[in-house]
Amino acid sequence: MATDHPLTDWQLHCARRTLHQGGVLAYPTEAVWGLGCDPWNQVAVQRILDLKQRPVHKGMILVAASVEQIAFLLNPLPQDLQQRARQHWPGPVTCLLPDVHQQVPEWVRGEHSSIAVRVSAYPVVKALCNAVDSPLVSTSCNPAGRAPARSPWQVQGYFHGQLDWVVPGALGGNRQPSRIIDIVTGQQLR
């Protein structure tokens, strides 16, 4: 059976098990290596924050395989805002969406009333999100103040022995991390 991603069934099983057990994994994205976990597992999110030495108030990005996986955030929004977000997806664009009903935990959202969301077209990211049928936390794989990892060796150099699994694979062709756009104001923040 052909797949649209480079991961084997065993690799997807390992990723699914890691995420369901509250683990933290590193995985290749469109531009840099990312750290990911179940966004609804506070202990797992706190581990990522500790690994990165990142304060919780800054918030983190959610990445999804499809618009359907983040429909709970889009559906409460006015149609024009939904359309603004959808025009950027799938792809390497992160949209700040108002979290109207505060459906995303504060340990992911931080001090913000919005949540940063990307619907990825990258096969590895899509496969991971589809494996657990949920969006994941997606943050660059690096301690605060250091450059994001661009190789598995750099991932190991930063976090040797502290991650539950490193998903095999290669980065996509993008040289820069995703753009961030506030869909309410239209302002590009990165």
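The protein averages a pLDDT of 93, with 97% of the residues scoring at least 70, where pLDDT is the predictor's confidence in each residue, from 0 to 100. Because this is a predicted model, local features need pLDDT of at least 70 and side-chain atom pairs count only at pLDDT 80 or more, whereas totals for chains, interfaces and linings use all residues. Residues are numbered from 1 along each chain as its sequence is written, and side-chain values use heavy atoms, with hydrogens and water left out.

The largest pocket holds about 770 Å³ of space; a pocket is an open set of points on a 1 Å grid over the protein atoms alone, where a 1.4 Å probe fits, with protein on both sides within 12 Å along at least five of seven lines, and its volume is the space filled by probe spheres set on the points. Of the 36 residues lining this pocket (an atom within 4 Å of a point), Arg-54, Ile-61, Thr-139, Ile-180 and Arg-190 are the closest to its centre. Strand E5 gives the most to the lining, with 4 residues.

The axes of helix H1 (residues 9–20) and helix H6 (residues 123–132) come within 9 Å and cross at roughly 60°, the axes being lines fitted to C-alpha atoms over the stretch in contact and angles running from 0 to 180 degrees between N-to-C directions. H1 and H6 are therefore oblique to each other.

In the backbone, the peptide bond from Trp-89 to Pro-90 is cis, with omega near -10°, and Pro-90 lies in the loop between helix H4 (79–86) and strand E4 (93–98). Gln-53, in the loop between H2 and strand E3 (61–64), has a positive phi of about 60° although it is not a glycine.

Conventions:
Helices (H or I, at least four residues) and strands (E, at least two) are DSSP runs, numbered from the N terminus. Angles under 35 degrees count as roughly parallel, over 145 as roughly antiparallel, 65 to 115 as roughly perpendicular and the rest as oblique.
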